[in-house]
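Work through the following exercises with the sequence and the model in view, and try each task before reading its solution.

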Amino acid sequence: MPRPAIAIIATGGTIARQATDPRDTVDYAEIGTSLGGDDLLNALPADARARFAVRGITFSGCDSVEMTLPRWFALADLVRATVAAQPELAGIVITHGTSSLEEAACFLDLVLDVPCPVVIVGAQRPASAISADGPANLYAALLVASAPQSAGRGVLVVANNEIHAAQEVTKAATYQLETFRSPDFGPLGMVEANRVFFGRTTGYRRHVGALEYHAGADIPRVDICYSHAGADGVAARAFVAAGARGLVSAGMLPGMCTPAENAAFDAAVAGGVVVVQASSGSSGGVVRRRELCQRGILAAGHMRPKQARILLALALMAGQDGDAIQALFDMP
């Protein structure tokens, strides 16, 4: 049997960091050194590497907190170009820092439409750590990317032997290995005994399509306002003054805000800013209740605030109006 061809696109993050002390799982981010894509692959046993014909591509070495929408646009372009130049690829694996991995996965899922699986993977511990999880996660990602049943499911996130849908997953723990979770619907599947299993057909997936972007292009500013008791709306007003064209409210459950915040959001809507009500909770959605509809505020459904921000920015960039944007949030 021919080995499946997999392109690994490296973008940096914990999975590509190492410290001098194998006990260091905290300070490595600031004082550690970076590894190359070949180093990540060489951490796997030889017989594991031999299962795949891997083609390494370096995109960047920056940490995930340095990632931006322009960088993710460039990453999406690289994925498309790689697939177009190598149609024989069985799949693509993207290594990424975990701090913004859920945002990267959501972005790519919203804009990519390629025939082969795209899998994003990271690590909670640096490569130098005792029981580093990067090699195991990378191997699981290679298995998922090469599995024929992974095709057509959108961008997938693989960690801790679980497979998650890009628009459902969130990072839930700071240091624990089981950090990536899909709290509303659970994982799509798992990797077990070197085999890939899917328990349900697909996850919730919205798609805005490929958007033309070039360096210096205007990406609509969209900010997130985190609600709390006594919030006075100053954040919303400041974001609007800074030029925000969209606001996402990370409201108190089940998607509620203080009276002062509501006043600030209503003023923003009156000024042409698109406001989306999300929830700061770890699970559950925000429904299109009567009060939101009367005020012209959109409901994020089951999208977490950070993911809702990305969808709103892309929808505004595509020139969509409020009804079309709400239809995107409503899509299963």
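Ala, Val, Leu, Ile, Met, Phe, Trp, Tyr, Cys and Pro count here as nonpolar, Asp, Glu, Lys and Arg as charged, and the others, Gly among them, as polar. A cavity, on a 1 Å grid over the protein atoms alone, is a set of points where a 1.4 Å probe fits but cannot get out, whereas a pocket is an open set with protein on both sides within 12 Å along at least five of seven lines; lining residues have an atom within 4 Å of a point. A volume is the space filled by probe spheres set on the points, which are joined across faces, edges and corners.

The model is predicted, with local features needing pLDDT of at least 70 and side-chain atom pairs pLDDT 80 or more, while totals for chains, interfaces and linings use all residues. Residues are numbered from 1 along each chain as its sequence is written, and side-chain values use heavy atoms, with hydrogens and water left out.

**Exercise 1.** Describe the second largest cavity and the classes of its lining residues.

Step 1: the volume of the second largest cavity is about 40 Å³. Step 2: its lining includes T98, D133, N137 and F180. Step 3: sorted by class, this lining holds four nonpolar, six polar and one charged residue.

**Exercise 2.** Which residues lie closest to the centre of the largest pocket?

Step 1: this pocket has a volume of about 340 Å³. Step 2: of its 17 lining residues, E102, T170, K171, R304 and K306 are the closest to the centre. Step 3: at least two lining residues each come from β9 (170-171), β13 (222-226) and α10 (305-317), where helices (H or I, at least four residues) and strands (E, at least two) are DSSP runs numbered from the N terminus.

**Exercise 3.** Which strands stand at the edges of the open sheet of four strands?

Step 1: the order of the sheet is β13-β14-β15-β16, with parallel pairing; two strands pair if DSSP finds at least two bridges between them. Step 2: six bridges join β14 (residues 246-251) to β15 (residues 274-279), and A250 has A278 as its bridge partner in β15. Step 3: β13 and β16 (298-299) are the edge strands, each with a single partner, so one side of each has no neighbour in the sheet.
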